[in-house]
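Reader: I'm new to reading protein models. Could you walk me through this one?

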Amino acid sequence: MNIRTHRIAAIPGDGIGVEVVVAGLEVLEALADREGTFRFDVEHFDWSTDRYKRTGAFMPADGAERLRAFDAILFGAVGAPDVPDHLTLWGLRLAICQPLDQYANVRPTRVLPGIQSPLRHVGAGELDWVIVRENSEGEYAGQGGRSHPGLPLEVATDVAIFTRAGVERIMRFAFKLAQSRPRKLLTVVTKSNAQRHGMVLWDEIAGEVAADFPDVTWDKMLVDAMTVRMTLKPQTLDTIVATNLHADILSDLAAALAGSIGIAPTANLNPDGDAPSMFEPIHGSAFDITGKGIANPVATFWTAAMMLEHLGEREAAMRLMEAIERVTADPALHTPDLGGRATTREVTDAMLRAIRGRNL
Ligand code: IPM
Ligand code: MG
């Protein structure tokens, strides 16, 4: 039989990123063993804040180029208490996402079995959203600067950039994704009352693209009102598309409403496939719990499922998701972020048992 090989670049990064990526790879290996139809060829990269402190750079100058040789990237987290966050973000994560044109950031949110939403009356499966975050421009375009440092007339600007090409491609992606989901429902989030140029362009392009998706029901929300709707009427939402910054904020709210940021996965997709996509848990490096062995690995397992799906291993992705749901259903396997006492090791072992077990 022909065994498919997937080349994976693993970049654990900082803090608990290291702990959860190790757990994720263990689970992926077990899954590959069980399926027997594919294998992983994993290369580890030490690109991180430690490397920055040693060498002055988070990754080599040709880092993003080197990643092109891989089928996918599994990323942990980047960020450390003693290095300014904007250096880590621009030195590693955006330094990968932007050159590899991973313009669609996809963030599914669902209340998994056994997990309690902080919202009264919201049970498992009742909150089921996918947030599509524009991942290449907007407020993260990097345009701006500072003049007259330290003087009373010091000025600082961050310019949000919205291009027709950039907005149109994310809008198409979001409509297509909404169309592929049972409810075929899309909410376009902007702030086009106050931001009267870029956000109005978003609204216009949404209307244009919608014409190509007559079977998708869509509506518009201002981002502030969206926080209220997410909290009070979560059942009315399905697929959501928003700018880089708005979706960054909304996705944290979504993760909290689904029970914990320790569960939330994300995919930085290059939908055109001309460069590899990158998969990461949303939670970040969490230095307050680093080294304690209590990081929730579930976000990375779900992230791994998204990666499998992207690699064309749909069945394995579904099996992995099933194993995750079995594990979250047991409160004895909840880590402290979920109010439990389980360790990363215990949750990972339970996953391995579920995957190796007969009845999955
Ligand atoms: C996220 C994170 C990052 C972001 C941080 C770590 C810079 O919050 O992935 O949502 O703002 O993009
Ligand atoms: Mg965020």
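Author: Let's begin with a term: two strands pair if DSSP finds at least two bridges between them. Helices (H or I, at least four residues) and strands (E, at least two) are DSSP runs, numbered from the N terminus. This is a predicted model, where local features need pLDDT of at least 70, side-chain atom pairs count only at pLDDT 80 or more, and totals for chains, interfaces and linings use all residues. Residues are numbered from 1 along each chain as its sequence is written, chains are lettered from A and ligands numbered from 1 in the order in which they are written, and side-chain values use heavy atoms, with hydrogens and water left out.

Reader: Which residue stands opposite Thr239 of S10?

Author: Strand S8 pairs with S10 in the parallel sense, over three bridges. Thr239 sits in S10, which covers residues 239-242. Opposite Thr239 stands Leu186.

Reader: And what is the bridge partner of Arg133 in S10?

Author: S10 also pairs with strand S5 (residues 128-134), again in the parallel sense, with four bridges. In S10, Thr239 and Val241 point one way while Ile240 and Ala242 point the other, and all are buried (buried means under 20% relative accessible area, exposed over 50%, partly exposed in between, with a 1.4 Å probe and protein chains only). The partner of Arg133 is Ala242.

Reader: Over in S12, which residue is the bridge partner of Leu74?

Author: Leu74 belongs to S3, a strand of residues 72-77 with six of its six residues buried. Five parallel bridges tie S3 to strand S1 (residues 4-13), and there Ala10 stands opposite Leu74. In S12, Leu74's partner is Phe279.

Reader: Where is the kink in helix H4 centred?

Author: H4 spans residues 85-97 and has a kink of about 30 degrees; the bend at a residue is the angle between axes fitted to the seven residues ending there and the seven starting there. Among the buried residues of H4 are Leu92 and Arg93. The kink is centred on Gly91.

Reader: Is Ser192 buried or exposed?

Author: Ser192 lies in the loop between strand S8 (185-190) and helix H6 (198-210). Leaving aside neighbours within four places in sequence, Ser192 is in contact (heavy atoms within 4.5 Å) with Met199, Val200, Asp203 and Leu222. With a relative accessible area of 18%, Ser192 is buried.

Reader: What is the phi of His148 near?

Author: His148 is in the loop between strand S6 (138-147) and strand S7 (155-161), and counts as partly exposed at 41% relative accessibility. Most residues other than glycine have a negative phi, and most peptide bonds are trans. For His148, phi is positive, near 55 degrees.
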